[in-house]
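Good morning, colleagues. Please have the sequence and the structure open while I speak.

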Amino acid sequence: MNSTQDYIGEEAATRVKILSEALPYIQHFAGRTVVVKYGGAAMKDSNLKDKVIRDIVFMASVGIRPVVVHGGGPEINTWLDKVGIEPQFKDGLRVTDAATMDIVEMVLVGRVNKELVNLINQAGGKAVGLCGKDGQLMTARTMTNKDVGFVGEVSSVDARVVETLVKSGYIPVISSVAADEFGQAHNINADTCAGELAAALGAEKLILLTDTRGILRDYKDPSTLIHKLDIQQARELIGSGIVAGGMIPKVTCCVRSLAQGVRAAHILDGRLPHALLLEVFTDLGIGSMIVASGYDL
């Protein structure tokens, strides 16, 4: 036999190569926290959902401490339709009156969250479902200068309940609902929740699963993907208009988390099967990584 490939076959040889390539990443990230914002097509497509869940359980199985933050816009719309409430948006934000907030909380906390917890448990992980209200994990404040009802921003984070869970081997699954100082529930952007939580946890990585390849120099040309950039370059791309539209809040969220101590932030295409493993455990990477200064791996 002339090679491993000749001996065990091409498919098996590829698996061995990937596992070998993953070893230094597994060694480096073991014991470190990675916050994953889960949403987009990867949440709607059952086949993709299964692969994301397996990726998260794999990460936990090799010693990484994953924390999952999720939204659930499409399912919220489905339930609003069932009760006869017309979804309304303003400047990209869901207009959230009291009746809509009741549905948002029911769907995110009561349905989507528990489904994800169950799927992770079924895949061999140990998941615990939370929202921002639990243990006063997140305190909300109403968005200023926006007439959109109970849509909030993160005012403060107390991550002790999450730290306790990850240290005990659990995978926290957190829905993006939190209460303000008066106890009123607010709907918060899941990217924002993930970024603020990653900063509070001192996470190694923040990963945003999206429906785009990452940051593109030309949004019409997927081949212009920017694989790696630093905080200053990210800010310059926003200032020049290369980062525009819905990508602005995602990149801003990443930059803010990096400025507060997160080591690296990733914007990935969740439509690609096993996007998490490909980005974290391979030399190639498949999305855009924004890094703090001095980040080596």
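Predicted model: local features only at pLDDT ≥ 70, side-chain atom pairs only at ≥ 80, totals over all residues.

Let me begin with the second largest pocket, which holds about 470 Å³ of space. Its lining comprises 15 residues, and those closest to the centre are Ile-18, Asp-55, Phe-58, His-274 and Leu-277. Which helices contribute at least two residues each to this lining? They include α2, spanning 10–29, α4, spanning 46–61, and α11, spanning 275–281.

His-274 is located in the loop between β13 (264–269) and α11. Its phi is positive, near 60°, although the residue is not a glycine. With a relative accessibility of 29%, His-274 is classed as partly exposed.

The other is Phe-58, which brings me to the aromatic pair. The structure contains one such pair. The ring centres of Phe-58 and Phe-281 are 5.6 Å apart and the planes meet at 75°; the pair is therefore edge-to-face, since an angle over 60 degrees places it in that class. Phe-58 belongs to helix α4 and Phe-281 to helix α11, so the pair ties together parts separated by 223 residues in sequence. Are the two partners buried or exposed? Phe-58 is partly exposed, at 29% relative accessible area, whereas Phe-281, at 3%, is buried.

I turn now to charges over rings. Lys-82 lies over the face of Trp-79, 4.1 Å from the ring centre. In a second case, the charged end of Lys-126 is positioned over the ring of Tyr-170, at 4.7 Å from its centre.

Next, a residue in a strand. Thr-33 lies in β1, which covers residues 33–38. Its relative accessibility of 12% makes Thr-33 buried, because the class requires a value under 20%. What does Thr-33 touch, once neighbours within four places in sequence are set aside? Its contacts are Arg-65, Val-67, Leu-201, Ala-203, Glu-204 and Lys-205.

Finally, I draw your attention to Gln-136, in the loop between β5 (127–131) and β6 (138–142). Gln-136 has a positive phi of about 50° without being a glycine. Its relative accessible area is 63%, and the residue is exposed.

Thank you for your attention.

Key. Residues numbered from 1 in each chain as written. Heavy atoms only, no water. 1 Å grid on protein atoms, 1.4 Å probe; cavity = no way out; pocket = protein on both sides within 12 Å on 5 of 7 lines; lining within 4 Å. Points joined across faces, edges and corners; volume = space filled by probe spheres on them. Helix = DSSP H or I, 4+ residues; strand = E, 2+ residues; numbered from the N terminus. Phe/Tyr/Trp six-rings, centres within 6.5 Å; stacked < 30°, edge-to-face > 60°. Buried < 20%, exposed > 50% of the residue type's maximum accessible area, 1.4 Å probe, protein only. Lys NZ or Arg CZ within 6 Å of the ring centre and 35° of its normal. Contact = heavy atoms within 4.5 Å.
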